[in-house]
Amino acid sequence: MTVVLAEASASVGRSTMAGRLAVAALALVLGSVAAVSAPASVAAAGNSSGVVTLAAYTTPREAYDEIIPMFQATEAGAGVEFETSYSGSGDQSRAVEAGLPADVVALALWPDIDRLVAPGIVAPDWWQNEYGGIVHDSIVVFAVRPGNPKDISGWDDLIRDDVDVITPNPFSSGGAQWNLLAAYQAQIVAGRTEEEASEYLKALIANTSVMDRGAREALTTFAAGQGDVLIAYENEAIFAQGAGQPLEYVVPDATILIENPVAVTLTGDATDAARAFVDFLYTPEAQEVFGRKGYRPVLPQVLAEFDYVQPANLFTIADLGGWAEARPRFFDPETGIVAQIFAQIGRAAA
Amino acid sequence: MGPGITASYLSLLVLIPIAAILWRSVSDGPDDFVAAVTSPQAIAALQLTLTLALVVMAINLVMGTLIAWVLVRDDFAGKAFINALIDLPFALPTIVAGLTLLALYGPQSPFGVNVAFSQAGIMLALLFITLPFVVRAVQPVLAELDHEMEEAAASLGASTPTVVRRIILPNLLPAILSGAALGFARCIGEFGSVVLIAGNIPYRTEMSSVYIYGQVETDRPGAAAAVSVVMLVTSLLVLTVFDLLRRRVSAHAEPSA
Amino acid sequence: MSTSGVTAPGMAAPSSAPTAPSATPSADPLGGARSAARNRVARLSLRSVVLGYLLFLLALPVLTVFWRTFQHGLEPVLEALSRPAFASAFWLTLKITLIAVPINTAFGIIAALALVRRRFPGRGLLNALIDLPFAISPVVIGLALVLVYGKNGWLGDLLDDIGFPVIFATPGMVLATLFVSLPFVVREVMPVLREIGTDQEQAAYTLGASPWSTFWRVTLPAIRWGVIYGVILTTARSLGEFGAVAIVSGKISGKTETLTTHVEERFHAFDMVGAYTASIVLALMAISVLLDMTLLQSGWFGRRIGRGHQRDESDQAVR
């Protein structure tokens with residue numbers, strides 16, 4: 001043991017040096033972080049009135065970052081503080097259901113808000129306003145590499161042998177369901193039968209190499225160099241371009257209108273301010289912010305200010321019978337068309 | 001007092017949430033439970049997860065031991081630094097692990113190596129995050145190993161491979177096994193790094209954790225809980241087997257213990 | 001599970017462990033030189049294999065993180081660090097880690113003592129439970145915690161009544177962190193306890209020491225490597241936890257966002273520098289803990305040498 005101690009004492013010299021370096025390193029890291037960081041902001045206490053909590057899905061974050069201060073500069077919004085939470089639409093919907101405090105919910109698709117009616121978090125008539133509860137729109141487009149090297153222009157190009165498709169998994173992302181519904185309905189609109197449309201879906205899914213768990217993840221994958229085309233939302237593609245990602249997007253002739261809803265909850269503690277905020281979202285100023293961030297405003301006069309491409313054939317979820325019908329028909333894990341396609345392809349591959 | 005505190009803490013922290021999962025998995029009725037765990041997609045995900053976890057574990061058994069050996073018995077410049085690095089997979093958020101592996105060994109790989117979105121890609125992510133387990137389990141044991149036995153064997157004319165095989169490895173085996181078991185458990189549960197590099201195609205590159213997430217996402221928490229229960233039971237089984245193995249091996253190595 | 005032998009961080013070992021197996025004494029000098037050469041080749045090739053593996057699997061990814069952070073210079077990094085979201089995430093991560101690590105350390109020591117030294121009904125079950133946190137995916141952990149502590153959960157309404165929110169607040173995040181980093185201290189200390197046996201403590205008792213004094217002055221120093229190493233691993237894991245904490249936190253900006261969720265958010269906003277910067281801070285925090293433990297090690301040695309040979313004899317009893 002003394003031998004070990006002697007050796008150890010020799011290494012103490014080295015270790016202490018290493019130790020001193022370690023302390024210095026730690027101090028440097030923490031110190032510089034502390035020095036350049038703003039003081040830890042103390043958010044307003046959760047339960048005091050006058051704090052509107054916004055629970056939104058991921059992508060409109062930049063838009064709300066601009067809109068919230070605009071609202072606070074108005075009379076109705078003076079003195080109103082905000083707390084915001086951004087996450088995947090489905091995640092967020094479940095979080096609110098599980099008790100995440102929210103005065104306003106702004107999610108990616110209708111069912112994510114509508115499922116909050118049953119637990120009494122939003123009123124059954126949450127959607128009844130001039131715009132059917134929708135605050136901004138987008139459309140399904142194809143994101144391609146700069147210069148569109150594979151010359152992709154329509155849905156039929158997506159099932160070519162030399163094309164690799166990226167689309168999020170409709171079973172792990174409610175929002176991803178838009179893409180496949182658009183694909184299916186585009187076939188119907190082009191005059192094909194339901195069977196042929198299903199066959200198309202099968203070919204499309206077989207041509208997909210990656211199914212990320214959400215739209216943003218799929219965008220990341222595509223931006224990382226995988227795939228030739230990403231079935232994306234227009235606002236996502238625009239956002240990526242704005243962030244310097246090298247991609248272009250193609251608007252197909254036939255595509256679906258993605259309608260993003262917003263609602264005031266029954267369970268918030270700043271309902272008046274929340275309602276005023278949601279009203280503000282429909283003003284030309286706020287709608288213009290959405291427009292600049294890649295969304296299609298719902299106010300026609302604001303939409304006209306932007307040069308969004310109007311697809312020849314723009315259909316909505318209503319054309320598929322609404323979510324209540326479309327969801328189980330396509331995405332029921334046992335009987336849904338897409339689920340069965342997965343099983344067929346899977347078993348063929350297995 | 002000790003057992004009491006241990007039991008209470010574990011109950012509060014681990015047992016109750018797991019019980020909640022168990023309860024949720026059957027609260028929709030036993031039929032739903034069976035349907036959930038026998039669904040072909042779930043089974044495919046489970047098979048893939050288990051297979052890949054086993055392969056990764058096998059690699060870790062070998063590489064982890066080798067790494068520990070080199071870190072303990074060898075000496076070279078920068079060894080202390082490399083030793084410190086070994087723990088990094090724990091500290092880096094899984095999303096960072098996934099993204100850097102994607103950057104290095106994916107479509108934009110500077111080496112022209114693209115294993116992303118395949119089973120190889122999944123294994124890469126799993127190897128990264130389970131790197132420390134076997135290494136750190138073996139290192140202390142190796143460091144404390146009594147050299148007298150090895151020297152005695154060597155002086156009796158045993159070749160190095162024999163010394164390794166009959167003296168060193170048996171002493172290391174319990175540690176190797178416990179490290180590998182922990183790594184295996186971690187592989188089964190891993191989500192953050194895998195989901196980025198895996199591709200997540202059902203029946204092909206979809207791991208159980210991603211499948212479970214999908215069930216939660218499509219408002220089927222009961223099914224999610226059910227498949228989780230199966231995964232938990234499987235892990236428990238594997239861990240128990242490992243523990244038994246380890247005890248047998250320990251008994252052989254140290255008859256006096 | 002046990003590892004036979006006192007746990008010591010790898011860093012301590014090199015200075016005290018000679019490279020024994022390579023030196024094979026032999027009666028025949030020529031044979032000795034040949035086998036020594038063979039051994040050197042073996043050692044070098046082993047080293048290359050290991051270093052190669054670590055290079056591609058570990059070093060390159062880590063270097064990539066560093067490179068990507070500073071790819072565009074220092075200024076974007078400073079900008080990322082000065083973002084308020086980063087600051088609140090940093091302090092929250094630190095806070096959670098500083099709460100979770102001591103709790104799991106204390107529990108780890110208590111549990112290890114109980115599991116190794118005592119026999120009681122349910123011991124096997126408790127032992128098995130300790131490894132479970134690894135095997136559960138973070139999605140499930142989040143789901144489970146919400147099921148128990150969330151609204152309409154088993155304890156959720158009770159907590160709501162007493163005004164102590166767990167989910168979507170810091171306590172829930174601490175719980176999730178405690179859950180995932182639970183096994184480390186226990187698993188590191190248990191083998192040490194098995195190895196050292198109860199001799200020293202028996203000796204202390206017969207000399208009249210109280211249980212607490214015995215624990216503090218005999219047991220704890222003997223298991224300190226296990227504890228230290230467990231603390232290092234626990235800290236690293238707590239810092240790096242993402243999935244479960246993300247789910248139970250609600251990701252409320254400026255309030256319940258940790259560094260890991262901040263990293264995700266920055267990635268998704270295509271702010272790569274911001275994401276990698278936060279990752280580096282996480283990595284450096286973990287490395288600092290490891291290096292600080294080295295300082296502790298040398299501090300221990302320093303103090304012990306100063307006190308002379310008393311400890312020496314009691315340590316010899318261990319061997």
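## Chain B, element by element

From the N terminus on, chain B runs α-α-α-α-α-α-α-α-α-α-α-α. That is twelve helices and zero strands. Helices (H or I, at least four residues) and strands (E, at least two) are DSSP runs, numbered from the N terminus. The model is predicted: local features need pLDDT of at least 70, side-chain atom pairs count only at pLDDT 80 or more, and totals for chains, interfaces and linings use all residues. Residues are numbered from 1 along each chain as its sequence is written, chains are lettered from A and ligands numbered from 1 in the order in which they are written, and side-chain values use heavy atoms, with hydrogens and water left out.

The C-alpha trace of chain B spans about 65 × 55 × 30 Å along its principal axes. Chain B has 257 residues, and 64% of them count as buried. Buried means under 20% relative accessible area, exposed over 50%, and partly exposed in between (1.4 Å probe, protein chains only). A contact means heavy atoms within 4.5 Å. Of the contacts in chain B with a separation of 6 or more, 74% come from residues 24 or more positions apart.

The size of an interface is often given as the accessible area lost when the parts come together. Between chain C and chain B, the buried area is about 8500 Å². Buried area is the accessible area (1.4 Å probe) that two parts lose on being put together, summed over both. Carbon and sulfur atoms give 78% of the area between these two chains. The contact takes 91 residues from chain C and 98 residues from chain B.

Two salt bridges cross the interface of chain C and chain B. A salt bridge is a side-chain nitrogen of Lys or Arg within 4 Å of a carboxyl oxygen of Asp or Glu. Asp74(B) and Arg43(C) meet in a salt bridge at 3.8 Å, N to O. Five residue pairs between chain C and chain B are in polar contact, both at pLDDT 80 or more. A polar contact is a pair of N or O atoms within 3.5 Å; within protein, one must be able to donate a hydrogen and the other to accept it, and residues adjacent in sequence count only if both atoms are side-chain atoms. On the side of chain C that touches chain B, helix 2 (residues 29-70) of chain C gives the largest share, 18 residues. That side divides into 68 nonpolar, 15 polar and eight charged residues. Here Ala, Val, Leu, Ile, Met, Phe, Trp, Tyr, Cys and Pro count as nonpolar, Asp, Glu, Lys and Arg as charged, and the others, Gly among them, as polar.

## Aromatic pairs

Over all chains, the structure holds 28 aromatic pairs. Rings of Phe, Tyr and Trp (its six-membered ring) pair if their centres lie within 6.5 Å; planes under 30 degrees apart count as stacked, over 60 as edge-to-face and the rest as tilted. Phe171(A) and Phe331(A) pair edge-to-face, at 6.3 Å centre to centre and 80° between the planes. Phe171(A) lies in the loop between strand 5 (165-166) and helix 5 (177-189) of chain A, and Phe331(A) in helix 12 (residues 322-331), so the pair ties together parts that are 160 residues apart in sequence. Both of these Phe residues are buried.

Phe306(A) and Tyr308(A) form a tilted pair, with 6.0 Å between centres and 40° between planes. Both Phe306(A) and Tyr308(A) are buried.

## Salt bridges

The count over all chains comes to 25 salt bridges. Arg115(A) and Glu97(A) meet in one of 2.7 Å, N to O. Arg115(A) counts as buried at 18% relative accessibility. Glu97(A) is partly exposed, at 28%.

Glu265(C) and Arg266(C) meet at 2.9 Å, N to O, and both are buried. Salt bridges that share partners join Arg61(A), Arg83(C), Glu265(C), Arg266(C) and Asp271(C) into one network.

## Around Asn169(A)

Asn169(A) sits in the loop between strand 5 and helix 5 of chain A. Asn169(A) counts as buried, at 1% relative accessibility. The side chain of Asn169(A) reaches the backbone nitrogen of Phe171(A) at 2.8 Å. Leaving aside neighbours within four places in sequence, Asn169(A) is in contact with Ala176(A), Met211(A), Asp212(A), Asn200(B), Pro202(B) and Glu206(B).
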